[in-house]
Amino acid sequence: MTRHTKKMTNDTESIEQRYFTFGTKAETLARLKPLVNEALIPELYFFSSKEWADSKNKVLDTIHKQFGSRILAVRSSSLAEDGAESSMAGAFLSKLNVDSRNRSELEVVIDQVVQSMTGNPRDQVLVQPMVEDVSVCGVIMTFDMVNGAPYYCIDFDDETGRTDVVTSGSGGHKSLFVYRYAESSMVKSVRVASFLRLARELETICECAALDIEFGMDKSGQVFLFQVRRIALSRNWHPVTERRAKRQLAYVEDFVRNSSKKRDGVLGSRTTLAIMPDWNPAEIIGTTPRPLAASLYRDLITKAVWCQARAVMGYREMGDLELMVIINNHPYIDVRNSFNSFLPSLLPDSIGEKLVNAWLARLEDYPEFHDKVEFDIVPTCLDFCFVDDFWARYPDVLNEMEFEAFKTKLTALTCDALNPAPGNSLDRALEAASRLDCLSLPEIHDKGAYSQLVRADYLLAQCRKLGTLPFSIVARHAFIAEALFRSAVKRGALTDSRLTEFKRSIRTVTGSMVEEYTQVCHDQLAREKFLRKYGHLRPGTYEITSLRYDERDDLFLDDMLRLPTSEEPQFTLTDDEYTSIDLLLREAELNVLSVDQLLSYARKAIASREYVKFVFTRTLSDALSMIVRWGGYHGLSRDDLSYLDWPVIARSLSRPVMDDVDRYYLDIAETSRRSMSAAHAFRLGHIIFGVRDIYVATLNRSVPNYVGIGSASGPVVLLEANTPTSLNIKNMIVCIDNADPGFDWIFTKGPSALITCFGGANSHMAVRCAEFGLPAAIGCGDQLYQRVVSAKSVELNCAEKILRPLYAE
């Protein structure tokens with residue numbers, strides 16, 4: 001391998017030594033320079049703070065003689081950095097792109113770097129030429145830095161051409177986790193393979209497996225090494241972590257292989273597991289939920305309700321097929337099961353098999369659509385672009401006869417959904433939800449633990465029957481409405497701005513809540529009345545440790561809010577819009593309703609989805625409160641309860657605990673805590689297409705769902721489940737990991753925009769933001785979201801689909 005010319009003017013320790021020893025940043029690079037074959041280390045020169053203080057001109061002359069007119073990097077190399085006990089990473093100053101021809105500028109820069117360090121005269125300054133034509137820069141941790149899990153953790157930027165994006169946290173980057181003992185054939189990327197070869201070579205040279213490596217690659221494919229240091233946190237790692245990961249990965253591999261086998265009654269030759277399609281557990285319960293939240297979500301949605309609701313609407317009968325699997329406390333959607341449930345009822349299996357396989361293949365080709373499968377992968381209804389979209393996406397999947405059969409079934413399903421005749425599935429679902437809304441139970445006179453648990457069990461049964469089942473139906477209607485109006489925009493019948501105006505004209509339960517909240521703050525509505533209606537809301541719908549509104553002391557501390565206007569935006573189609581949509585309905589053979597009825601249907605479906613969610617979350621929240629009381633009788637805290645599966649708790653109603661109740665459940669909770677702790681050290685990607693994705697886990701990028709056409713720029717603020725509602729977020733861009741109805745209080749505080757990590761185009765927060773005209777980017781994915789959160793300020797432009805940090809100089 002060609003090397004840069006070695007030029008070092010320093011008296012360093014001999015590089016010909018039996019055992020490698022780390023020094024300062026500069027010393028370590030100097031010792032590695034003649035030993036590394038998998039990368040080049042740019043030529044370097046370093047000097048001490050004392051040398052700089054004593055003879056600046058001599059140092060500057062040496063720099064000029066060695067580097068000439070090249071652009072330089074001037075970096076700190078303090079004795080306090082890169083130690084075995086503490087890395088002090090990023091604590092001191094480094095300056096890039098310094099013009100060496102400007103002697104005075106170079107002197108100022110070196111002064112700044114020296115002044116940023118500890119004041120120790122033996123601290124050093126490292127000078128190197130900037131690498132030109134950088135195509136990739138990144139960082140490799142040879143183990144998970146926090147817990148020592150056996151993964152090469154690689155973060156790299158291949159877009160900006162800067163060498164400091166990953167280390168500064170100021171730009172976008174890609175992340176992947178490669179199991180240390182994965183077969184080399186599992187690494188498909190030539191670039192990533194070269195990064196791994198460098199890491200393994202350094203481990204051998206340094207006789208140290210726990211390394212933090214900064215690297216780059218130029219456009220020719222040449223790898224450069226910028227820094228190597230020991231991972232200081234390695235002394236805190238538990239020695240069993242590596243053995244546990246190896247053992248668990250073998251079990252996961254078996255599970256993934258078996259999950260993809262052919263299954264009776266299920267079409268498709270394989271499956272995919274992902275965290276964000278369909279019922280999107282990442283958004284609703286998080287990527288590593290505690291057992292109670294995960295088990296309640298399964299009981300109320302993913303065990304059977306999800307597919308029962310679709311069967312009601314004319315989709316394929318799936319029985320009681322599970323939608324969600326949980327791998328080491330990480331929830332995933334079985335995408336094959338999901339895609340089966342979107343096939344129209346009675347569609348021949350021969351056609352369905354081809355469709356499911358094609359949909360799975362498209363998702364693998366476009367993983368960024370994993371939170372948008374209903375819009376970009378699977379046609380779940382017949383919209384105004386169905387024919388063109390289908391042939392563009394799946395040109396060779398069906399023949400003409402098979403396509404017509406699919407189109408006919410999908411047309412019939414869509415017409416049934418849209419039909420305004422009495423007794424339609426939307427109205428039936430709303431009637432069921434209204435019964436739950438009116439559910440009135442007598443006060444529990446027996447205050448014992450058993451009665452609290454009986455009430456919780458009853459509430460959850462009613463929630464499932466009259467809450468989540470009708471909600472699933474109403475939500476599907478809202479998806480159909482959204483698909484139709486999006487396709488109307490694509491066909492030119494409406495513009496994006498007019499669709500935004502239409503959505504703003506839809507009044508949901510949140511609109512009422514914001515108005516009433518403000519009235520309370522201005523003493524125009526009794527607090528007790530507000531809490532009777534909205535007190536059940538909690539930021540984590542399924543999370544028992546998340547406090548309800550009526551359990552918080554900080555809800556009404558802000559009395560400076562401005563009363564919202566009482567005027568609701570009105571929306572009326574123009575004559576041209578009306579005519580265009582009418583023609584689209586006729587062309588698609590969806591003329592079971594008029595244009596006016598289509599608008600009414602969309603208003604009803606979108607508003608009703610929020611209403612039914614409001615109703616069923618109240619019942620669920622009340623059930624959680626009953627569980628809290630039951631736990632209190634047995635000395636179990638909210639935190640203890642969060643680590644118990646609901647079936648384990650409910651089983652005591654029919655099978656008495658034959659031990660001290662507190663000891664019995666505390667033992668289970670403690671076991672779950674240990675399991676959860678281990679789960680955080682277990683790296684899995686967002687999408688698992690096959691066994692390879694277990695060992696090479698990629699954090700897939702997501703394309704944000706932009707709401708409306710508005711824009712905002714300014715400071716960001718991160719909110720969590722128990723963030724005080726008194727926090728001032730006025731005119732700030734709010735960032736929330738996974739938002740649900742419990743975060744509706746933010747709309748009373750005047751934020752300028754909303755950004756979430758998880759969530760779909762039709763999610764709760766997307767609807768809320770559309771109603772309030774609040775610019776939003778919903779479901780950005782881990783990488784972009786972390787980039788945004790770490791930035792000081794952000795620009796969001798929904799019309800141009802731009803979301804990027806605004807970097808302070």
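This report describes a helix and several paired strands in a predicted model.

## Basis of the description

Residues are numbered from 1 along each chain as its sequence is written, and side-chain values use heavy atoms, with hydrogens and water left out. Because the model is predicted, local features need pLDDT of at least 70 and side-chain atom pairs count only at pLDDT 80 or more, while totals for chains, interfaces and linings use all residues.

## Helix α10

Helices (H or I, at least four residues) and strands (E, at least two) are DSSP runs, numbered from the N terminus. Just after α10, Gly 314 takes a positive phi of about 100°.

Two strands pair if DSSP finds at least two bridges between them. Four strands form an open sheet in the order β11-β12-β10-β13, with antiparallel pairing. Since β11 (324–327) and β13 (687–688) stand at the edges with a single partner strand each, one side of each is left without a neighbour in the sheet. Strand β11 runs antiparallel to β12 (residues 330–334) and is joined to β12 by four bridges; the bridge partner of Val 325 is Tyr 332 in β12.

## Strand β16 and its partners

Strand β16 (residues 711–719) is joined by five bridges to the antiparallel strand β20 (residues 793–797), where Val 794 is the bridge partner of Gly 714. With β17 (residues 733–736), by contrast, β16 pairs in the parallel sense over four bridges, and Leu 718 has Cys 735 of β17 as its bridge partner.
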